[in-house]
Amino acid sequence: MPIPADKLYTMPAIAKVALSPDGNHISAVQFEEKESKLTLVDIATHEYVELMRLESGSLILEYQWLDNNHIFLKTFQNRRQKLGILTIRNAEEKIEPTYTHLDLSGNLVSTLDYSGKILFGLQSGKYQKLHKLTIAEFKANNFSKETLFETSRRKAHRYFFDENKRTLFSFKVNVDDHEIKFYYRQLDDYKWRSFFTMTSDEHTFLPVQFIDKKTMYVLSNQTSDKVGLYKFDFKSQEYLELIYEHPQYDLVSSEFNSRGNLHSVSFYEDGLLTEKYFDNSASAEQKKLKLSFEGKSVMPIAGNDQHQIVFVSSSDDPGSYYLYNKQENLATLIEERYPELAKYKLHKAIEFDVTSDDGLVVESYLTLPPPELSNKVLLVVPHGGPAGVRDYNNFNPESQFYVSRGFAVLRVNFRGSAGFGKSFQKSGIGEFGLDIERDITKTVNHVVQQYGFERRCAIGASYGGYSSVMLAIQHPNDYQCVVGAYGIYDLPLLFNSSNIKSTPEYREMTAKVVGEYSGKLGLTSPLYLLNSYNTPTLLIAGKKDPIAEFEHTRRLEYILDKKGNSPKTLYYKDTGHGHSKFFWQQHEAISIAEFLKDTLELEDYDALVKDDTELANLASDYEMLAQVRHFDSLVEKSSSTAQKYYFKAASMNHPESNFRLGQIHLDADEGKDAIRWFKKSAELGYDRANYQMGLMHIQDLHIEYDAQQAFSYFEQADKLGYSSAAKVRLAKFYCIGEVVKQDIQKCIELLSINHIEDIPEIDRKHENVKFNKKERQTVLARIYANIQANDVVIDSLKTLLAEELDIKAHVTNINLNGMGLLTPSGENVAEKITSSEFSDDDIVGIKFTIDSNSSKEKAAVFAHWQFIDSEGKKKTKWTSMLWGDQKHNWSSSYRLTNIDGKGTYKVTLKDSSGNVLLEQDFIRL
């Protein structure tokens, strides 16, 4: 069953899980309806508390406990990073959090064992100053000379702290000399000492743990092929002892216990993050957990002597957090990362190796759909880079998206990929279109021979985009389609596309990836190899891509056009090297899936769905494609494309798409079709469609006036959670007692919507305050058109006008300044009241000023325009509420249409007490 894109390309339900210092609480960042929040759970009582919530578009980037009552946070709000402290106070057995914004930048270096004091690297220009201060001083932003802890290092880019050895270290980047210098000092010793200078990016050097005053543990491959754990003498700059090296894979991290003994190392084995333990008790615990979660990666996140938080995942499991009780040997689920995926069948990747022609072992991952779902198409997905990047065998949203639609997905860690040793990575340099593609091709041939795929397509981004096109160039009979995204297609252009890229430094950096600049680069550039290229292609690019500049894709499109093989294109405005927002990741994936289906003439994906609910969920994919083409966005607008996908989604019972089709027909003045789509959307439970149907019934718009139907639709819109506009519309019926018993109290209650402004914007959901207030003015005008001066509702309405709209004055007189034909801006054209010369689209109206009982307060006038035909039948055409003071020039007008024909247009003006101030007729003969 196809998984909708918005279920895969989205924020997880939970992330950044941690334990409080005392081990009594679990903290986590959770995501709900595009909002992020920091939460707390009491391990003993399971009491749940929301500590902080941020609105859509804001994120909690990271947080760290300072002690049991304070949490340091980094957030992203209003397009900038912000720092703050949450203070957690227990008041009458209830947790009360308080947030304090910190107007500074920098990084937390150490909590100093939760002692009540911290080390903080305060940013000062491009360098940091190290301060030691109490949490109270930190919270109050009291940085001073007294709190300044380090004065001798004036040009440190960042500080770090070894908690076990109580040792500070820092580094300084020297751009001119292309070097990074590392320094250290004991916490109680003010003298800094240099311990390593890195002058090359060709090897790894990562300080891990100090041993004593002259040696430390480091992760490095300076003297070996694989990144291993070494004992390093920084006095002599010698590697004294290899502690551990994996025979196949680079190490990515190592952990030490509080006594300074090696606890574990981690590496990616068969594409899964794996830990090897050197602590016997930890190893035994891990074995127990592995047995409980067979076939999955089990990674510890945080813990103490009693509890441990572990993250459990695999290629067919996006992961869950568990609380492991060591004494009871019991793991309790905290929360799944993607609970909405639980109802979908996810598919496990198969890890396998293929040996290249020159003897390299190439690790790859193949994800297969079940036989009954398979369309016999293999998607070959080369990764980006190509050097220093790799694919993993963990949960991959892209793979699951395509596999759920019947495709098989192959990912290859070709030569140049990271994690397999230095020589393997270096072997990819200069192999664009050569040995890299040979690795991929040999792997593809292996799986095709084993599984018998009938067709194949190459899909990739960045280097993967280049590789996908090259694979089809080199093997034109093997690939039936290509998707190249954010790709480089003209290798010589990498060296001279701008002044910056023409500098010797940049050219040297580029040469380390693609090889030296020479005429030979044209032999492996897709742009110059298209003579026999006929493969259907989709090109995707960001018009502001700083890496694979848009010019690469434009040139490729131009040449393909000239050769009669015009590609499909998907170009994103204001987009760089890929998308940072999930919405556009979803859009790109859906667009690619549609290209594959159309190009390969596959059956529609909805044919794979049997459940009506899931069909509606999948319809959201097509609704997204429609909306992006319907409204201004990052891609070019296309009304025909928008309608095509709206219709597709609507046929799958997508409520909003039915509504959008109704809007399109209404804008085209195709009322019958508009009502059909609106009605279907309303029946499917779309709140906005119910509201729209209510409007059409009371406005006599393409459908006869029907107060009962209008009331029912507005009532349903309100029940479905539509904005306060639905309540405001219902108010009219209760105010005048139309189709329901008059209920003045309920009428006023429904019209009182100012309180919405007091609700934090994050909690307003679908409320549009400006629109709701405009709707209220329209409804008030309708109410006044239907009541008399002595109506019982008048006093309540006047109180509402004063309290909600600040209208406290009362109009005593109208001073008529002009009438007849008006311009759209309200200027008089001719004094015509009775005329056979009135034409369609003419504007008739009156201009006036007012006298009121207060020159300082605002007053209101309610205008009611009616059409009276030759038989005396009246029909309301327009109502409006006008307000202002005695200084303003007022006007009320109506645009004539061909619908009404000959008759009388009458305007009636009333004051807030319901008294008629003026009546004026305009007769069309």
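Helices here are DSSP runs of H or I with at least four residues, strands are runs of E with at least two, and both are numbered from the N terminus. Hi everyone, and one thing before we look around: this is a predicted model, where local features need pLDDT of at least 70, side-chain atom pairs count only at pLDDT 80 or more, and totals for chains, interfaces and linings use all residues. Residues are numbered from 1 along each chain as its sequence is written, and side-chain values use heavy atoms, with hydrogens and water left out.

Let's begin with helix 20. Just after helix 20, Asp806 has a positive phi of about 55°. The helix itself runs over residues 794-805, and at 1.5 Å a residue its 12 residues should span 16 Å, where the expected span is 1.5 Å times one less than the number of residues. The end C-alpha atoms are 15 Å apart, which agrees.

Which residues of helix 20 are buried? They are Ile794, Leu797, Leu800, Leu801, Glu804 and Leu805, with buried meaning under 20% relative accessible area, exposed over 50% and partly exposed in between, using a 1.4 Å probe and protein chains only. As a reminder, an α-helix has 3.6 residues a turn, so residues three or four places apart point the same way. On the face turned away from the buried side, helix 20 carries the exposed Asp795 and Glu803.

Now for the aromatics. Rings of Phe, Tyr and Trp (its six-membered ring) pair if their centres lie within 6.5 Å; planes under 30 degrees apart are stacked, over 60 edge-to-face, and the rest tilted. By this rule there are 45 aromatic pairs. One of them joins Tyr244 and Phe278, with ring centres 5.6 Å apart and planes at 75°, so this pair is edge-to-face. Tyr244 is in strand 19, Phe278 in the loop between strand 22 and helix 3, 34 residues apart. Tyr244 is buried at 16% relative accessible area, while Phe278, at 32%, is partly exposed.

Phe278 has another neighbour to show you: Lys276 lies over its face, 5.6 Å from the ring centre. That term asks for NZ of Lys or CZ of Arg within 6 Å of the ring centre and within 35 degrees of the ring normal. Arg405 likewise has its charged end over the ring of Phe401, 3.7 Å from the centre.
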